[in-house]
Amino acid sequence: MEEIVILGGQKRYLLVDDDGEPVESVYRFLKFKDNAGKARNTLRAYCYHLKEFFEFLQQKDRDYRDISIDDMAEFMRWLQTPHRNVKVSSIKLSQDVLQANTVNAYISSVIEFYDYLMKIDDYSIQLSQRLKKQIPGSRREFKDFLYHINKNRDYNTKILKVKVPKKRPKTISKEKIAILIDACSNLRDKFLIQLLWESGFRIGECLSLWLEDFIIDARKIDLKDRGELPNLADIKTVCSPRRIDVSADLMNLYMDYVAEYHTDEVDTNHVFIKLSGKNKYQPMEYPDVASLFKRLREKTGIYVTPHMFRHSHFDTLRKQGWGFEKIKQRGGWSNVQTPMQIYSHPDEEEMRKDWEQAEKRMKLKNKTKENDKK
């Protein structure tokens, strides 16, 4: 897998064989996905997933045009082993294996690859169709808003996938967020932490913000898609551009930060900039954020990632009564089912409080005790 720079300075990914030559079928697939508007990180994931798949085929001495469903099932099992070698079997289970969601992502990438080959190039390759089955709408995992209409409609579902255990998203309390903000050594870091918590933005969306995206009087942030940026910040999907409301406190912190650090020496519209080093005043990058969170963990002993703020933000809104349509719009999701699947599961504290209310209404009157009193 090689990283290349194309016209305009944009980074793309290429799968090469042992002789250093591009794998033609994968190259065409990635180019198609790129032209279809897939994000840079998505293209990288496709390339990496297919790299692992072709490594598996090489170990099996199989051509990608001549594999079966059994081969795909073996590939799925191969992904779940730590050694990744068809000639080696594990004696005991290892913890150092891919999670179920990740394995399913690999399989999805391979299926999309074969789906492309079937439709565009070689119509004899129908593996992607053989790896799917049709089920009626009444048997789907969720019921959409048009369930009464769609319940008799057939849908495609994948035959090969690892069962994913249901887990609540990892969140962080407001008390710990306050500790993290106090542990920050400058206004930029304090502002970033509060922005992550209050906006629900992904970290890539924060790094893609420009100064003009902050509408101070209206207390709104206008997140825009500006394509590939110098700091490689991504806004993830075509649904990500959106305008959200924020508090006066956040806007005041923003203005304080800009007044202190965005001096005449700064020659970029990016809100978040490096504050030291040889690239001082250049746009902040993902490794800078990783370093910041590592420092905060060492200072406070609190394990936290940028995405935990996003989960905490939307979990809090859900508890406050926000509907999932509003959460979908504020979070930049394309489908309302995504936030529903992530945030619709109550925690133990909610269950306890709801039970205490229900317990009062469910309590039975004990007639025996009433008669004894008489």
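At the start of helix α3, a side-chain oxygen of Ser68 lies within 3.3 Å of the backbone nitrogen of Asp70. This is a predicted model, in which local features need pLDDT of at least 70 and side-chain atom pairs count only at pLDDT 80 or more, while totals for chains, interfaces and linings use all residues. Residues are numbered from 1 along each chain as its sequence is written, and side-chain values use heavy atoms, with hydrogens and water left out.

Helix α3 spans residues 69–79, and Asp71, Met72, Phe75, Met76, Trp78 and Leu79 are buried in this helix (under 20% relative accessible area; exposed is over 50% and partly exposed in between, with a 1.4 Å probe and protein chains only). Viewed down the axis of α3, the buried residues fall within an arc of 160 degrees, so they line one face of the helix; the arc is that of the directions from the helix axis to the C-beta atoms. Asp70 and Arg77, on the other side of α3, are exposed. Helices (H or I, at least four residues) and strands (E, at least two) are DSSP runs, numbered from the N terminus.

Strands β6 (residues 220–223) and β7 run antiparallel and are joined by 4 bridges; two strands pair if DSSP finds at least two bridges between them. Leu223 has Arg242 of β7 as its bridge partner. In β7 (residues 242–245), Arg242 and Ile244 form the covered face, whereas Arg243 and Asp245 form the uncovered one. In a regular strand the side chains alternate between the two faces of the sheet.

The whole structure contains 0 disulfides (pairs of cysteine sulfur atoms within 2.5 Å). Two cysteines are tabulated below.

| Residue | Relative accessible area | State |
|---|---|---|
| Cys47 | 0% | buried |
| Cys206 | 0% | buried |

Conventions: Polar contact = N/O pair within 3.5 Å; in protein donor to acceptor, adjacent residues only side chain to side chain.
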